[in-house]
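Hello,

Here is the structure we spoke about. Please open it first, then read the notes below.

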Amino acid sequence: AAYARARRVRGHLPPKARGRQSLETVCMCSAAAAVLSVATTSAPRLSRRVAVIGGGSAGVVTARFLKRAGHDATIFEAGSTVGGVWADNPTNDVVYRGLHTNLPTVVMQSPDLDFASSVPSYITKEMLGQYIEAYGREFGLLQLATFGATVTRVAPAASEGAPRWTVEWTVDDVAHSDVFDAVVVATGHYNKPYMPSLPGEENWLAGDAARRITHSLHYDDPDDFRGQSVLVVGGRSSGVDIARMLYGVAEWVYVLEKKCTSATTHAAEAVTHVPLGTRLCRNGRLAAPRAGGGGGEEEEEVEGPPVTKVVLATGYVYSFPFLDETACGLTFEGERFVTPLYQHLMHAARPTLGFVGIPLAVPCPIPFFECQAAFLAEQWAKPDAALHGAEATARRQAWVAAMRDAVGSRDQDLHYTSTSARGPGTTSAWAYMRELLRATHATRPVDQAGDCWLERPSWEARLTTVEAVYADRGARYPKLPWEDDAYRRCEYTVDWASGTWSVDASRC
């Protein structure tokens, strides 16, 4: 009862249409893959056995769309339930205490499953975890999961015909192994912190044995920093949240981020904003590039007490310990990119290895994952000759090469999807989702009766509404990292049928 089903659940066919769409097995390609024919199209379709690594939001979404497309999916989840980092007892406890989402529920939710009207627009970790579990129950995904399963190895299998994958995992220290036609990696990218060196870091640490540098991965409670002078490095979501929570608790808060162009002290608030290039000094003070210095070595001492602690809110590097880069033909370990991935989700040369949830700065995670999963599910329904053929491989590799060329030396921008394209290599997340959805619909066009397993002829109109709500949320976002997060007190109401929405900002 906690979650409300959409009035007409897009993604589930009405009984009459479901009968017309029934799949009939016509021949077996292997013990694991069957060629299927669909009544509404003459093109043959493959049903593949797919291992989905990870049972967080990306994993359960992917399993749902694989299942809808006729594939046989198995979820491998290390925890005791679905939800990933949002679960009650996550295997990766990255979510800090007191966190509320920075996106409203009407932006985050699937078009096919609404949050209950009783929950606020900005919710707690526990509420989001419950929603993901409800999603898994609603679409019959929990029975596809092997819980307590730690995947230890994924590698190309020695087999004749189309490439396949060996997956090895343990449950209660008992080893298991099986061969799958395809694998989706959906383990997220919050496992291995990115910890860049700061200018002057070694001298600063040597100046006092009590000084510490930690990462936001290990941040949990502002009281741990009470009375300290803290430098927060990073101005994205976690950096903003941590700076705001430390404000009024720490003795002084310094925030270093790229949007700051010159050191600015707000003495009455005990906060200083400092730009990139700011240096930690041995005496604990900060030295910032002098404003108007013309790019030289001129510095000025920053007002405020000596820094005693540093929190790096600098994001994460990609890490998949069960994948061997050489064997799989990938580059990712310790990097802020994964290559070669076509459309950020499919190995360009080994297309039955997929990744859902790689992009950064995603404005509406679950709808975003649904677009990725739908695209991947339809790609994998193609016959092997079409999927693995030289022409298709060349097209995927050309896409990857063009993206690499576009970002140049800034590999960290390879998977950056902003709300609008902000330069070479960046992709509008909204345009990306629409591109994937249109490609999926083009594979199996939606007719006037809506006869398609995807059955989302109005999905783009809904996405336009989500985009508008997201833009309103962005306009209310704090201008400075430590400012009050009043935007989280706004309440959004949407009429999806008309595409209209309203916001109650009376408590903002």
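**Two helices side by side**

H11 and H12 are roughly antiparallel to each other. The axes of H11 (residues 429-443) and H12 (residues 459-475) cross at roughly 170 degrees, and angles over 145 degrees count as roughly antiparallel. The two axes come within 11 Å. Please note that this is a predicted model.

Which residues of H11 meet H12? They are Trp 430, Met 433, Arg 434, Leu 437 and Arg 438. On the H12 side, the partners are Trp 459, Glu 460, Leu 463, Thr 464, Val 466, Glu 467 and Tyr 470. The residues of this contact divide into seven nonpolar, one polar and four charged.

**The whole protein**

The protein has 12 helices and 30 strands. It has 508 residues, and 53% of them count as buried. Take the contacts between residues at least 6 apart in sequence: 60% of these join residues at least 24 apart. The accessible surface comes to about 21,700 Å². Carbon and sulfur atoms hold 50% of that surface.

Helix H8 covers residues 365-379. Its end C-alpha atoms are 21 Å apart, which agrees with the 21 Å that its 15 residues should span at 1.5 Å a residue. H8 is mostly covered, with 14 of its 15 residues buried.

Helix H6 (residues 237-246) is mostly covered too: seven of its 10 residues are buried. These are Gly 239, Val 240, Asp 241, Ile 242, Ala 243, Met 245 and Leu 246. What covers them? The cover includes strand E15 (229-233), strand E16 (252-256) and strand E22 (309-312). Just after H6, Gly 248 takes a positive phi of about 90 degrees.

Tyr 316 sits in strand E23 (residues 316-317). Buried or exposed? Tyr 316 has 16% relative accessibility, so it counts as buried, the cut-off being under 20%. Leaving aside neighbours within four places in sequence, its contacts include the run His 189, Tyr 190, Asn 191, Lys 192, Pro 193 and Tyr 194. His 215, Ser 216 and Leu 217 are also among them, as are Val 94 and Arg 336. Ser 216 is 100 residues from Tyr 316 along the chain, and their C-alpha atoms are separated by 9.9 Å.

Thr 166 lies in strand E10 (residues 164-171). Thr 166 has a relative accessible area of 15% and is therefore buried.

**Backbone points to check**

Most residues other than glycine have a negative phi, and most peptide bonds are trans.

- Asp 173 has a phi near 70 degrees, a positive value in a residue other than glycine. Asp 173 lies in the loop between E10 and strand E11 (174-180). At 77% relative accessibility, Asp 173 counts as exposed.
- Ala 270 has a positive phi of about 60 degrees, although it is not a glycine. Ala 270 is found in the loop between strand E17 (264-266) and strand E18 (271-274).
- The peptide bond from Thr 339 to Pro 340 is cis, with omega near 5 degrees. Pro 340 is in the loop between helix H7 (325-328) and strand E24 (341-342).

Best wishes

Definitions and conventions:
Residues numbered from 1 in each chain as written. Predicted model: local features only at pLDDT ≥ 70, side-chain atom pairs only at ≥ 80, totals over all residues. Heavy atoms only, no water. Axes fitted to C-alpha atoms, helices over the stretch in contact; angles between N-to-C directions. Helix = DSSP H or I, 4+ residues; strand = E, 2+ residues; numbered from the N terminus. Parallel < 35°, antiparallel > 145°, perpendicular 65-115°, else oblique. Contact = heavy atoms within 4.5 Å. Nonpolar A, V, L, I, M, F, W, Y, C, P; charged D, E, K, R; others polar. Buried < 20%, exposed > 50% of the residue type's maximum accessible area, 1.4 Å probe, protein only. Areas by Shrake-Rupley, 256 points an atom, 1.4 Å probe, with all protein chains shown as cover. Expected span 1.5 Å × (residues − 1).
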